[in-house]
Amino acid sequence: MIHTVSLSVHYGTFTAVRNASLIVRQGSITAIVGPSGCGKSSFLNALNRMTDLIPSARITGKVSIDCCDIHDNCRSAAELRRCVGMIFQKPNPFPMSIRRNIQLALREHGTRDRTELDAITERVLRDVGLWDEVKDRLDSSALQLSGGQQQRLCIARALALQPQVLLMDEPCSALDPIASAKVESLINNLRSRYTIVIVTHNLAQARRLADDIAVFWIADGAGEIIEQGAAADIFDAPSHPTAAAYLAGTQG
Amino acid sequence: MRSPVISPAWKERVASVAIWVSASLIVGVLAWILIDIFMKGFSQLSISFLRDEVEDAGRGGGIASIIASTLAILTVTLSVAVPLSLATAIALTEYTRDLTRGGRFVRRSLDVLAAVPSIVFGLFGNAFFCIALGMGYSILAGGLTLACMALPIMIRTTEQAIRSVPDEYRFAAAALGLSRTTTMFRVVLPAATPGLAAGLVLGIGRALAETAALLFTSGYVTRMPESLSDSGRALSVHIYDMAMNVPGGNTRACATATVLVLLLLFINGAAVMLMRSVGRHVPPTRSGSV
Amino acid sequence: MTPSSPNTLFRFHIDRWLTLITRGAAIISAAVVLLVVAFLAMESWPALRDIGLRRFLTDESWHPLSGSFNLVPMITGTALTTTGALLIAVPLGISSAVFGQFYAPPWMAVWHRRLVELLAGIPSVVFGLWGLVVLVPLLAPLGGSGQSLLAATLVLSLMIVPTIALTSHSALSSVPHELIAGGAALGLQRWAIVWRIALPAGKAGIKTGLLLATCRALGETMAVLMLAGNVPRMPDSVVSPIRTLTANIALEMGYATSEHRAILFVSGLVLLSVVSLFVLVIDFVGGWKNA
């Protein structure tokens, strides 16, 4: 589904990620783990060309999603981001009503019919488990929701565009434990319908959720993937010594 | 032995008195001015003052045509300055984010523009709008000249308002594949509305207080204007004329001044309230009015 | 990045349009000041060519209708009013800022600042009016008609006090609290802290305020027009009537013809140059606080 070949991310003269080659299987949940500052977020941002927003950012190497090179002509950045949704660490609903939050991007991408929009809104809110909580106040401000609800709203907002891939950058780290658990169980339920790549600090969470795992580490000042594969294999018998130490909690 | 840094008590006392006296002086004079103007003009204030046309070179009747001219000039100014300042502010925030050479050049020119004396704007307006573009003494020429003057402060305020919108909204919008245009007009600008309104209001305040620039662009005519190419007299120009050129016109000048000051008080108060709701203070009005 | 659906095509193009329009607007905005300079230069050119800069300083007097174009009395008028106004306004303005920051109880400081902002918003023509009806009669007993250098300077100082007060206030409030606390911990009392720590620390911002106030004073027209007496001669004393460059332009534009008019544009150009110089100095010294 996602295939990166020697992906490097540079910000000016600083290299954040070096030669990252990763294969993400369709319908799986892949966890990207590693200590802070080893390029995990930069790697993730490169996958949906969010790096385009940073003037000094440069990408080398190849990224294909669904067999199509993302820098190629087959898709514009906007279309790419419709198929590849992103959830941020800190929930960032727009300062508008819940309904508009979900429908804004739908309208942008071509859906105009009111009934269709409302139907999609209900579907995704049910999918994330928010429908019962907010169905009576769809037109009130999204900012009034709790942190966990806001994050689930952001996931719903991304799901409304029917993406194939969801990229999540530490989606639970800004949430309290209860909200975090809710979001985690939501992610679990999305498995197999979507391909999910989740960056996380929380090894226990990775263990719970991930089918596959990639371990990042800093080598020579840039982030590299030092270990990757099926989660069960890596957690039980990591081959790279640093990865082993990290996963055992003795380093990083 | 006394540390040389600790000052003797009397110095502190004197300084304290001086500071308090200065502060009171400023406030006192402010009150003096406002009260004086109001008291002297009070006798002339009435609904008919606002409604009637000018008579007897301003000694009689009211200021209805003046108010109409002022509003007409203001409309011209805003119709040009608002879109231009909004578009320029967007350019400065979104597309020259990293203070490129172009961005710095634009900013520097605007800084100089902000400091240009208003009589110099009057000269420019006269040479460019009235003569070169053939508008003659007209409301149009006056309005356009004021637009040039209001531009720097409106751009500055609008830019601040846009920059104060948190980046996370932009990132969320980008991640959803929204175009830059949609992001700007449906997410960022709506979120920046209080600041934008403050900019608008400051621009209005600047334009209303202007006098010198209008003397040679929109002129002195007291008739009710019928079109934008008519000459018209603004409130501030009327005050000047009544005070300097019309014997016995002082009272009416004060009355007109009261109207103008109340209007400006209202407008500036609105600006301050709007700015506070964005969490920023109104920039020091160093180019207040001439 | 070839778009592959009609909707994307639209969005691709609309972003291009937005960039085009906004950049165009920025260019227009930046060009305004250039246009101003250009037109002033154009209109001044005949005077510079035919009369030459030297005569503006050496002619006998200012009698444009008889071909005499000495601008020195007006330049002196501008210089004197500006300097006088600064002498009064600087201590007052800085005191106001110090008051709000260090001496007044918080609620009073807020209100004081609001009143200063109010003062800043009063149009200059209203200042001129007040000066004319209140101050001039008060000053008349001192000599002359009351419309004089003194009257103009006093009111001008009132007008620039807010500029100095508000910028100094910004400068003082950005002084890191640790510095102030450090002074207090050493046993310094209020005034000592202000004089020895806060003001030096806020120097840059205060200087910016001074430069801005100077620009404002130099460019002021209406108030000095109404209060200075408008006699284009060198002043004998503080109660002599004088005329500033700005008032000169305002008074004579109405009836000036070609040559005379061109000279007025020259004085406008001079004002513009001086003010631009100040602004560029501020910019380069980096004291600019906005955006």
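Chain A contains ten helices and ten strands, where helices (H or I, at least four residues) and strands (E, at least two) are DSSP runs numbered from the N terminus. The radius of gyration of chain A, taken over C-alpha atoms, is 18 Å, close to the 18 Å given for 252 residues by the globule rule (2.2 Å times the number of residues to the power 0.38), so chain A is as compact as a globular protein of that length. The model is predicted: local features need pLDDT of at least 70 and side-chain atom pairs pLDDT 80 or more, whereas totals for chains, interfaces and linings use all residues. Residues are numbered from 1 along each chain as its sequence is written, and chains are lettered from A and ligands numbered from 1 in the order in which they are written.

Along the principal axes, the C-alpha atoms of chain A fill a box of roughly 55 × 40 × 30 Å. Of its 252 residues, 47% count as buried, that is, with 20 or more other C-beta atoms, placed from the backbone, within 10 Å of their own. Among contacts (C-beta atoms within 7 Å) in chain A between residues at least 6 apart in sequence, 69% join residues at least 24 apart.

In chain B, helix 5 (residues 118-132) and helix 6 (residues 139-163) pack at an angle of about 130°, with their axes 9 Å apart; axes are lines fitted to C-alpha atoms over the stretch in contact, and angles run from 0 to 180 degrees between N-to-C directions. Helix 5 of chain B meets helix 6 of chain B through residues including B:Phe121 and B:Phe129 in the former and B:Leu144 and B:Met149 in the latter. The residues of this contact divide into seven nonpolar, three polar and no charged; Ala, Val, Leu, Ile, Met, Phe, Trp, Tyr, Cys and Pro count as nonpolar, Asp, Glu, Lys and Arg as charged, and the others as polar.

How values were computed. Contact = placed C-beta atoms within 7 Å. Buried ≥ 20, exposed ≤ 12 C-beta atoms within 10 Å, placed from the backbone.
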